Amino acid sequence: MAATLAGLALAAAGCAGGPDPDSAEPVATTEVEMPRSYRFDPVAIEVDAGSEVTWTNEDSFTHTVKLEDGPDTSDHRVGRGDSVTLTFDTAGTYHYVCTLHPRDMKGVVVVR
């Protein structure tokens, strides 16, 4: 019985969605990976205005990058092994999501 309850607790924890990008400490980088496990890594980044940010899909599944606000709100499909690059010219905070896996895959770009 205890093993069953522990298994259920772990399964529920895995369904809680990905990390909250707004509470993560931004990492100074222009590269975001989509590794296995349906996530962006790092989930929060910080770049200078005028920077290009590249997302690379290292997962076995197609993902997307869609800015919820910002310079380009198109839904960019990123197949396995592919990348997409977006330019951020204006300072601000830009949230993005994988529209195929929105519960688990959210991120933020902070532009200084």
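Buried residues account for 33% of the 112 residues in the protein chain. Keep in mind as you look around that this is a predicted model.

**The overall layout**

- Start at the N terminus and walk along: the elements of the protein chain come in the order α-β-β-β-β-β-β-β-β-β.
- How do contacts link up parts of the chain? Take the contacts between residues at least 6 apart in sequence: 50% of them join residues at least 24 apart.
- The protein chain exposes about 6200 Å², and carbon and sulfur atoms supply 51% of that area.

**The loop between β2 and β3**

- This loop sits between β2, residues 31–34, and β3, residues 44–47, and proline 42 is found in it.
- Have a look at the peptide bond that runs from aspartate 41 to proline 42: it is cis, and its omega is near 0 degrees.
- Serine 37 belongs to the loop between β2 and β3. Its phi is near 100 degrees, which is a positive value in a residue other than glycine.
- Is serine 37 buried or exposed? Serine 37 has 54% relative accessibility, and the cut-off for exposed is over 50%, so serine 37 counts as exposed.
- Tyrosine 38 is in the loop between β2 and β3 as well. The phi of tyrosine 38 is near 50 degrees, again a positive value in a residue other than glycine.
- What about the cover over tyrosine 38? Its relative accessible area is 29%, and buried means under 20% while exposed means over 50%, so tyrosine 38 ends up in between, as partly exposed.

**Glycine 92 in strand β8**

- Where do you find glycine 92? Glycine 92 is in strand β8, which covers residues 92–97.
- Glycine 92 has a relative accessible area of 24%. Buried would need a value under 20%, so glycine 92 is partly exposed.
- Which residues does glycine 92 touch, leaving aside its neighbours within four places in sequence? They are Val109, Val110 and Val111.
- Now compare sequence and space for glycine 92 and aspartate 69: they are 23 residues apart in sequence, and their C-alpha atoms are 10.0 Å apart.

Technical notes. Residues are numbered from 1 along each chain as its sequence is written. This is a predicted model: local features need pLDDT of at least 70, side-chain atom pairs count only at pLDDT 80 or more; totals for chains, interfaces and linings use all residues. Side-chain values use heavy atoms; hydrogens and water are left out. Helices (H or I, at least four residues) and strands (E, at least two) are DSSP runs, numbered from the N terminus. Buried means under 20% relative accessible area, exposed over 50%, partly exposed in between (1.4 Å probe, protein chains only). Contact means heavy atoms within 4.5 Å. Accessible areas come from the Shrake-Rupley method with a 1.4 Å probe; for residues, only the protein chains shown count as cover.
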